[in-house]
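Good morning. Please have the sequence and the model open while I talk.

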Amino acid sequence: LPPILYLVILLFTAIIRKKQADPQSARAKKAYAKLKSDLKKCGNSESGQPKIDRILEALRHYLGARLQISGKAIVFNDVRIIRSEKGVSEKLLNTLKSVFETCESDRYSGRSGLAGEVDFKTLSEKILSTATKLEAVFK
């Protein structure tokens, strides 16, 4: 084999091994982009699962990926650990807490996304701005 081809194969192999060595890290790096696309899908969709459920699910998956834990049933108390580990400001945590409270209260009250109860656009923007600030902390 020519030396250039050998180096290309070696580089390709090293990249694949690095990605396979820590899949959680790769998932965490893509979390913000996935959150943005999920929130966009929630805003465009009119059928199926109520919007508030999809918004809360997107937020949970984002936080799960970033904290490298399962995102299926994350609640705010699970997220509080980032305060001590990453040094997140109390203001940012309070914003995140209010988002969780809004989503969970609407979801578990039985209203679950009825028109007029929650402004989904404002809630999505609040989640994105909070996630943007969290991204700065995680980097």
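This is a predicted model: local features need pLDDT of at least 70, side-chain atom pairs count only at pLDDT 80 or more; totals for chains, interfaces and linings use all residues.

Residues are numbered from 1 along each chain as its sequence is written, and side-chain values use heavy atoms, with hydrogens and water left out.

Start with helix 3 (residues 31-44) and helix 8 (residues 120-138), whose axes come within 11 Å and cross at roughly 175°. Helices here are DSSP runs of H or I, at least four residues, numbered from the N terminus. Axes are lines fitted to C-alpha atoms over the stretch in contact, with angles from 0 to 180 degrees between N-to-C directions. The two helices are therefore roughly antiparallel, a label for angles over 145 degrees. Helix 3 makes the contact (heavy atoms within 4.5 Å) with Y32, L35, K36 and L39. On the helix 8 side, the residues include I127, L128 and E135.

Now R66, which is in helix 4 (residues 51-67). Is R66 buried or exposed? R66 counts as buried because its relative accessibility is 14%, and buried means under 20% relative accessible area with a 1.4 Å probe, protein chains only. Setting aside residues up to four places away in sequence, R66 touches A28, A31, E135 and F138.

Last, the largest nonpolar core has 30 residues, and L63, F100 and L134 touch the most other members. Such a core is a set of buried Ala, Val, Leu, Ile, Met, Phe, Trp, Tyr and Cys residues joined through side-chain atoms within 4.5 Å. Helix 4 gives the largest share, nine residues.

Methods:
Buried means under 20% relative accessible area, exposed over 50%, partly exposed in between (1.4 Å probe, protein chains only). Angles under 35 degrees count as roughly parallel, over 145 as roughly antiparallel, 65 to 115 as roughly perpendicular and the rest as oblique.
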